[in-house]
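Let's take a walk through this structure together, one element at a time. Keep the 3D view open as you read, and follow along from part to part.

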Amino acid sequence: MLPATNDASYRAMSYAGCAHHDTHPMYIRPIATLLGLEPAPLSRCRVLELGCAEGRNLLPMAAGHPDARFVGLDLSERHIQVARECASALGLGNIQFVAADIEESGDDLGTFDYILVHGVYSWVPEAARRRVMALCRALLAPQGVAYISHNIYPGWHRKDAVRRMMLHQIRDVESPADQVAAAKALIQFLSDAASPNDPSYAAWLKDEADFLAGCDDFYVFHEHIAVHNEPTYFHEFMAEAHAHGLQFVADAFLPANFGKMMPDALCQELLRHSGPERLDFEQHCDFLLNRTFRKTLLCRDDAPVAMPPRLASWADTHALCPFEPAPDVEADPGLTAWRKGPLVVNVSPPIEALLEILAARWPCSMPVAELFAAYCERAEDGGAEESTLEAFCGQLFTPAIFELIQISAVPVISGVSAERPELTASVRHQLHTRATPLTTAHHNTATLTEPLRELALLADGTRDLDQLAAALGPSWTAVPPPEQPAAEQPGPDEKASPPLTERVARAVTYLRYLGLLR
């Protein structure tokens, strides 16, 4: 039978969790400063995560910022026990895990500069949703920021229909694993057999079936057949926030802000329907884009949120570029092609100059002030158009909003030493406990093949490339995936390394590219 409560649901099937890129304060703070806020820097901030599961989102933050303080709260005693064991194994003294019900948690938790609520709000009873809002208002520092992810309409109307079909199908199925299998099988059958007389219905069923086929069982169990899953319209979510003394800052996913997920002409047309009020425009964006999910940033209603964005606030941040040149791809006239994995984009010469400077530093970041100096040095006209650092920050906005570059509040340093490769402590712990996916220096996730895991476990800082090759043995045949940056692969004229050492070198380059090395 289906679990009757969230506690029973987590006892039936644990929710492993993972790192969530946009929850990290290193990315939240630059968005908050754009809108006029000054939340505490990461060097001395306090972070609370409500619904922390096994701590796999919070633990890497604590490991990377030893002078900050972190608190994780979760309903599941088992989740908290696992999280505490991981914190102890990593020797982290700056993090605390609390087993408690959100509805019963109070002001004794303290005051926080960042409150993270990922995968909770839409998946708890109404009283708990209200309590989430109340806790955010009570516990936020005067210019603190709360991150709340939530399912939204109109996009979730379609998914809700699928959820209800699944719930009907599994109403008498006993085990969680059988429930997930039966639910997926039903949607796959409906997708394959849907009436050709209604092609739109068949198309969206196929989309849902394809999506579910790639999901982990624990995700399907806690998302699609969860005890609670209550999407709202954005204006309804914000009405609840306002009732608890909170106001809208932005979406934590930077491209989702300021109408940038659509062409400028379409944005202007939408404004004629929504009017200039920002929240109405955000709601109309959801109508137009059929959005299913938001990552909303909120702050206290007495904090000084300001528009338009203060681009000069990025002057003391750090920039990264996860793209690399794609010379094998034909670009549009006057543009050049750059790629990130399977994604290829065409960029203009000014943006290409930025990307070239930053790509040479990946997986590390570069201070924006240093980037400005390097950009001016490269510019044929001496960078006259961007004559000041503040003006240059305005030029960064377009590539950042389209995810060509990332803006971080703190430097990202990863894989500096290539002679004796060494994993970060948190990645090494994840490997030893076989926790997947791994958390990178950029707070992204990465999954390794078994041969790459074998190499990574040996990368403890005590072996050079030849010693790693000897430890692996001649039968080791791992080849990094095609996402490995072509610029770092040996060229045809370079002196060939012994075959095994060369394979190891390429694999280590890939681990560095992912941001898994110290």
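**A guided walk through the fold**

Let's begin in a loop: P154 sits in the stretch between strand 5 (140-151) and helix 6. The model you are looking at is predicted. The peptide bond joining Y153 to P154 is cis, with omega at about 10°. Most residues other than glycine have a negative phi, and most peptide bonds are trans. With that background, two further loops deserve a stop. P308 lies in the loop between strand 7 (293-300) and strand 8, and the bond leading from M307 to P308 is also cis, its omega near 0°. F258, in the loop between strand 6 (246-251) and helix 11, shows a positive phi of about 60° even though it is not a glycine.

Now for the sheets. Strands of a sheet pair through backbone hydrogen bonds, either parallel or antiparallel. Look for the open sheet of seven strands, which run in the order 3-2-1-4-5-7-6 with mixed pairing. Its edges are taken by strand 3 (95-99) and strand 6, each of which pairs on one side only. Going from one strand to the next, the twist averages 20°. Within this order, strand 1 (residues 46-50) and strand 4 (residues 112-117) run parallel and are joined by three bridges.

A second open sheet has three strands, ordered 12-8-13, and its pairing is antiparallel. Strand 12 (366-367) and strand 13 (406-408) each have a single partner strand, so each has one side left without a neighbour in the sheet. Strand 8 (residues 318-320) is linked to strand 13 by three bridges in the antiparallel sense. In that pairing, A319 has I407 of strand 13 as its bridge partner.

There is also a hairpin to trace. Strand 10 (residues 336-340) and strand 11 (residues 343-347) pair in the antiparallel sense over five bridges, with R339 opposite V344 in strand 11. Two residues lie between the strands of the hairpin, and G341 in the turn has a positive phi of about 60°.

On to the helices. Two packed helices are described by the angle between their axes and the distance between the axes. Start with helix 7 (residues 176-193) and helix 8 (residues 199-213), which pack at about 145° with their axes 8 Å apart. Their crossing is left-handed. Helix 7 brings K184, I187, Q188, L190 and S191 to the contact, while helix 8 brings L205, K206, E208, A209, L212 and A213. Sorted by class, the residues of this contact are six nonpolar, two polar and three charged.

Helix 8 also meets helix 6 (residues 155-169): their axes come within 11 Å and cross at roughly 70°. Helix 6 is therefore roughly perpendicular to helix 8. On the helix 6 side you will find R158, K159, A161, V162, M165 and M166, and facing them in helix 8 are Y201, W204, D207, E208, F211 and L212. Here the division is eight nonpolar, no polar and four charged.

How do helix 17 (residues 450-458) and helix 19 (residues 499-514) cross? Their axes come within 11 Å, at an angle of roughly 85°, so helix 17 and helix 19 are roughly perpendicular to each other. L452, L455 and A456 of helix 17 make this contact with V504, A507, V508, Y510 and L511 of helix 19. What classes do those residues belong to? The contact holds eight nonpolar residues, no polar and no charged ones.

Let's finish with charge pairs. A search of the whole structure finds 26 salt bridges. One of these 26 salt bridges joins R272 to E269, with the closest N and O atoms 2.2 Å apart. R272 and E269 are about one helical turn apart, because they are three residues from each other in helix 11 (residues 264-274).

Terms used: Residues numbered from 1 in each chain as written. Predicted model: local features only at pLDDT ≥ 70, side-chain atom pairs only at ≥ 80, totals over all residues. Heavy atoms only, no water. Pairing = 2+ DSSP bridges. Helix = DSSP H or I, 4+ residues; strand = E, 2+ residues; numbered from the N terminus. Axes fitted to C-alpha atoms, helices over the stretch in contact; angles between N-to-C directions. Parallel < 35°, antiparallel > 145°, perpendicular 65-115°, else oblique. Contact = heavy atoms within 4.5 Å. Nonpolar A, V, L, I, M, F, W, Y, C, P; charged D, E, K, R; others polar. Left-handed = near helix turned anticlockwise from the far one by under 90°. Salt bridge = Lys/Arg side-chain N within 4 Å of Asp/Glu carboxyl O.
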